[in-house]
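Dear colleague,

I am handing over the structure that we spoke of, and my notes on it follow below. Please read them with the model open beside you.

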Amino acid sequence: MSLLPELRYPTVGELVRRARALAAHRPGLCSLRQVGTSRAGRPLHLLSVGRARHSVLVVAGAHANEPTGGSTLLALADRVLRERSLRSDTSWHFLLCADPDGAGLHVTPAPRTLLDYHLGFFRPAGPEQPEWSPSVLPPGRLPPETRALLRVIDEVRPYLQVTLHATDLGGSWVQLTKDVPGLAEPFAKSAAELNIPVETGASDAAGWPASGPGVHVMPPPGSDPAYPSTPDDARLSTWYRAHRYGGLTAVVEVPMWASDLVDDPAPHPAPAAAMRRLAHRLRQDARQVDDVLAGALPRLTGPGGPLLRAARWALELVPGLADDWDRPPPAGTTRAHVVSVDAFGRRLPLRAAAMLLRVLREADDRAAPRLERLVVSWSDAFADRFRARWVPLEHQVEHQSRTVVAAARHARDRVG
């Protein structure tokens with residue numbers, strides 16, 4: 001029985017239906033159960049395959065705007081069932097969607113262009129993201145999705161937790177909370193075979209040591225962050241919970257649209273000047289969105305929902321981040337890193353504008369057309385600047401699946 005009758009981004013409901021059918025078809029090997037409830041009352045489901053003592057936990061849907069993970073999760077569950085060797089000494093647990101409320105608000109399951117993607121865009125504010133909330137909130141204020149994820153980690157005690165992420169435009173990279181020797185080679189081989197660029201200087205991993213191209217290891221606690229203004233710290237996220245049980249977490253990123261500009265490891269000839277230009281543009285773009293927001297706010301009624309909160313949160317990150325980029329960059333800053341920062345600098349105000357546009361359209365506000373022009377022009381400029389090319393969904397899924405399996409096999413060697 002295949003979990004992949006068609007290759008497209010499944011909804012949360014489809015994920016649950018397929019997982020339920022699988023559990024019914026292989027009841028001796030599989031089980032599906034509810035492990036929590038979202039803030040809006042939606043259930044969180046865990047699919048388990050196998051009965052071995054050692055375990056791998058795979059988390060999909062931690063970010064609502066990154067839909068590849070659901071498809072990959074189905075492909076992985078299918079593969080684990082077909083390949084007995086994968087479950088001979090390892091049980092696999094799949095959290096179908098860590099943020100079902102957010103998944104319901106991101107409404108572009110099959111985008112044709114970056115504009116399509118942004119017109120239905122949603123990504124929660126940091127304190128509302130299941131994996132990130134522990135880094136910005138005290139324990140007593142964690143959302144129920146985070147508490148459910150932490151309970152699952154405490155129950156299954158994975159030697160490897162994998163969280164499936166996807167970037168809108170760029171390349172593929174891996175972030176590890178501990179090094180996994182041997183992972184870089186199969187990761188790079190898979191990317192090359194599927195024509196997916198490796199993002200060697202990902203801005204998300206700025207300043208982190210690399211165990212191979214595109215495979216980054218998080219620095220130990222106490223290290224200075226590359227961007228001091230950012231309010232969160234990955235080392236306080238749910239990614240580190242597995243360390244309590246001798247495990248580690250791998251964050252596997254794959255692009256929806258690829259850019260072959262992100263894998264150039266050559267030193268940038270003038271990184272300081274380039275970073276200052278990017279900081280200047282970031283401030284300018286954010287200011288345009290801020291101006292629309294300030295003008296529209298008096299006309300908006302009510303406290304504002306998750307879209308407005310998320311848009312405002314993204315804009316609040318800009319001043320500090322731009323100041324960080326104005327600081328002298330480290331020696332050896334690569335072209336790939338500057339390109340990755342360029343993408344991030346375009347992405348942040350574009351996302352804020354896209355979410356605010358949805359709010360203004362819902363309110364039939366007169367500022368919506370002005371904001372729509374920004375979203376259209378910025379989406380097109382983003383695609384043009386980075387020569388965006390769509391990565392077929394089956395390639396996104398195959399590369400992410402291969403990387404997860406390779407990480408599981410190499411991390412398994414660490415636990416004996």
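Which residues lie nearest the centre of the second largest pocket? They are Ala206, Gly207, Pro330, Thr333 and His337, among a lining of 25 residues. The volume of the second largest pocket is about 460 Å³, a volume being the space filled by probe spheres set on grid points that are joined across faces, edges and corners. A pocket here is an open set of points on a 1 Å grid over the protein atoms alone, with protein on both sides within 12 Å along at least five of seven lines, whereas a cavity is a set of points where a 1.4 Å probe fits but cannot get out; lining residues have an atom within 4 Å of a point. The lining of the second largest pocket divides into 15 nonpolar, 8 polar and 2 charged residues, where Ala, Val, Leu, Ile, Met, Phe, Trp, Tyr, Cys and Pro count as nonpolar, Asp, Glu, Lys and Arg as charged, and the others, Gly among them, as polar.

Before going further, please bear in mind that this is a predicted model, in which local features need pLDDT of at least 70 and side-chain atom pairs count only at pLDDT 80 or more, while totals for chains, interfaces and linings use all residues. Residues are numbered from 1 along each chain as its sequence is written, and side-chain values use heavy atoms, with hydrogens and water left out.

With 3 residues, β2 gives the most. (Helices, H or I of at least four residues, and strands, E of at least two, are DSSP runs numbered from the N terminus.) The lining of the largest cavity divides into 6 nonpolar residues, 1 polar and no charged.

Turning to charged contacts, a search of the whole structure finds 24 salt bridges, each being a side-chain nitrogen of Lys or Arg within 4 Å of a carboxyl oxygen of Asp or Glu. In one of them, the side chains of glutamate 66 and arginine 123 meet at 3.1 Å, N to O. Because glutamate 66 lies in the loop between β3 (54-59) and α2 (68-82), and arginine 123 in the loop between α5 (114-119) and α6 (144-156), this pair ties together parts that are 57 residues apart in sequence. Glutamate 66 counts as buried, at 7% relative accessibility; buried means under 20% relative accessible area, exposed over 50%, and partly exposed in between (1.4 Å probe, protein chains only).

Arginine 412 and aspartate 89 also form a salt bridge, at 3.4 Å, N to O. This pair links helix α12 (residues 393-415), which holds arginine 412, to the loop between α3 (84-87) and β4 (90-95), which holds aspartate 89, 323 residues apart. Arginine 412 is buried, with a relative accessible area of 14%, whereas aspartate 89 is partly exposed at 33%. The charged end of arginine 412 also sits over the ring of tyrosine 159, 5.9 Å from its centre, the rule being that NZ of Lys or CZ of Arg is within 6 Å of the ring centre and within 35 degrees of the ring normal.

A further salt bridge joins arginine 281 and aspartate 342 (2.9 Å, N to O); they lie in helix α8 (residues 271-296) and helix α10 (residues 335-362) respectively, 61 residues apart, and both are buried.

The aromatic pairs come to 7, and one of them, tyrosine 117 with phenylalanine 121, is edge-to-face, at 5.7 Å centre to centre and 70° between the planes. Rings of Phe, Tyr and Trp (its six-membered ring) pair if their centres lie within 6.5 Å, and planes under 30 degrees apart count as stacked, over 60 as edge-to-face and the rest as tilted. Both tyrosine 117 and phenylalanine 121 are buried, and ring pairs link Tyr117, Phe121, Trp257 and Trp390 into a cluster.

Finally, two points on the backbone. Arginine 157, in the loop between α6 and β5 (160-170), has a positive phi near 45° and is exposed, with a relative accessible area of 53%. Asparagine 195, in the loop between α7 (184-193) and β7 (210-212), has a positive phi near 60°.

With best wishes
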